[in-house]
Amino acid sequence: MIEHTSWQYKKHVPLEWKIGQMLAVGFPAGADGISSLARVVKASYAGNVILFTRNTPDVAETRKTAASVKTLIREVTGVSPLIAIDQEGGIVSRLKGGLTPLPGAMAQAAAYLGGGIQKSDIKALGKICAEELRSLGINWDLAPVADVNSNPSNPVIGVRSYGENPKLVADLASSFAAGLNEGGVLATAKHFPGHGDTSVDSHLDIPLVPHGIERLEAVEFVPFRRLVDEGIPAVMTAHIRLPSVEPDMLPATLSSRVLQGLLRKKLGFEGIICSDCMEMKAIADHFPNAFVMAVKAGVDILFISHTAEKQLYAAHSIYEAVKKSEIAESQIDASVERILAAKEKINQTSAFDAYKKTVAGPHAVALAKKISRTSLSVLAQGSITKPPSGSVLVDVVPGNITNAEDSLHSVSIHAELTRQNAPIFSCALPLNPEEEDIAAALSCAERYLSASASAIQGAEAKPALILALHAPMLHSGQMKLVQASVRFTQDRSCPLLVILTRNPYDAPSIVKEAARANLPAPTIVCSYEYSEVSVASIVAFLTGKLEAKGICPVTVEG
């Protein structure tokens, strides 16, 4: 067994052990998941794991799982694992129950631009995130997102980015990363060389970034260069094609020109290069030899998030490639040296067992709430600045936020308004409502608004119809709701207020629907996410306790 991470042992360990250090594997939930992981670790020496919502239902279970993983991997490999998780905040928060509800990147940016939030607050949020992860036994956060989101049609980054301004993204990603570092976990700049100007989700196919090197230097590379210069310990690759750097059209994850020529040599990065999940379709559907190709290109750690057979195949195929001299063992040694150095550093920062066990402390929650409350942004100003008493909310409640096992744990604007007995009638609809759902909701709205109008005759402001929408351009049922609601407000001469609980880029489609009916633009407010903390902020706004002061960090046309 290897008792320490010191690289003095490299001549005395088998090749299989070295390759195992280059794997970060996911596993199913519960005891069966730990059994499945044990099989993979014993067969491949897999030295690291990635956790998802399936593994982290609550604080107690997460601590138990992380402890079991650490014990298992240390017993088999002699070295403690890197335990990774996507805890960006906002829509990508694998851990929710019991932790401080972190606002996401675009909400942070809106609060910074308009709500008085400082870079020191963003750093403090990163430190809170790190301290809570460490208290659970997690030592690697796959954040911050350093992508500059310049494409309104981007289906996978969007509000996960700090915005469209490269310097702003660099400043805030740097602040969050500094907080993670100070709090004792590895930070990760992703998704290199920049996934912000794409219109294809790499979970589904291979995106293309067609720009020349001058544009890339001026936009996409700016945050990554800043984070590399500041010593970010890890960079995650994107499964995107970058023809100006890689003319063979290989995705960045498989391109030595991108990883060795650009990231290592041009940007001077010396830390861990990790892949995005190798089971994403951009890779899995096109490159049967992808595990070997990625290592040859310069990836140090391969994330294989779901399937045990693929994890074992990856270890075997890399082993065979080394034995056939397709990959030099010296390259494997260099990767393992970087990995062990990171492990030694992070485990010296703070021992898991000695770390404080407090999560969701009052100061942490207060900061998260402050950032969320100051992030709400007015994208279009209609006839009302806040909903009058007696208004009606139709709340579209998303069930799964990212298609990666996230859930809302029953949080909703509708439920919170009801709990507070607020003077706003509300009803909930599914993410992609059917026509009968829409008809039923507007029928309820009709009855309630009629009663409200009778009760408050003489008031200056008529009760409004309020829609809370979640990515309506991606869900035809929501656009049908918008069209029906525009007709509804036109027939009844009542104002329309729209809360966008994800993409600010959806605002122009709402404005256009109103214009088609010869109506002025409705008031449109954006929260950038539908989460525990954003729900509380939205309810405060709807009940007149909060003014929307955030400034949107991306351009919204129309």
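Residues are numbered from 1 along each chain as its sequence is written. In this predicted model, local features need pLDDT of at least 70 and side-chain atom pairs count only at pLDDT 80 or more, whereas totals for chains, interfaces and linings use all residues, and side-chain values use heavy atoms, with hydrogens and water left out.

**Figure 1. Overall view of the chain, with its 19 helices and 16 strands.** Helices (H or I, at least four residues) and strands (E, at least two) are DSSP runs, numbered from the N terminus. The radius of gyration, taken over C-alpha atoms, is 25 Å, close to the 24 Å that the globule rule gives for 558 residues, so the chain is as compact as a globular protein of that length; the rule is 2.2 Å times the number of residues to the power 0.38. Of the 558 residues, 61% count as buried, where buried means under 20% relative accessible area, exposed over 50%, and partly exposed in between (1.4 Å probe, protein chains only).

Figure 2. D141 is buried yet has no salt bridge, and the nearest side chain of opposite charge, K190, is 6.7 Å away. A salt bridge is here a side-chain nitrogen of Lys or Arg within 4 Å of a carboxyl oxygen of Asp or Glu, and for charge Lys and Arg count as positive and Asp and Glu as negative, while His and the chain ends are not counted. Not counting residues up to four places away in sequence, D141 touches several residues, among them I85, C129, F176 and L186, with contact meaning heavy atoms within 4.5 Å.

**Figure 3. Close-up of the salt bridge between E329 and K18 (3.0 Å, N to O).** E329 lies in helix α13 (residues 329-349) and K18 in helix α1 (residues 15-21), so the pair ties together parts that are 311 residues apart in sequence. E329 is partly exposed at 34% relative accessibility, whereas K18 is buried at 4%.

**Figure 4. Close-up of the salt bridge between K310 and E279 (4.0 Å, N to O).** The pair links distant parts of the chain, with K310 in helix α12 (residues 308-323) and E279 in the loop between β9 (272-274) and α10 (281-284), 31 residues apart. K310 counts as partly exposed at 35% relative accessibility, while E279 is buried, with a relative accessible area of 14%.
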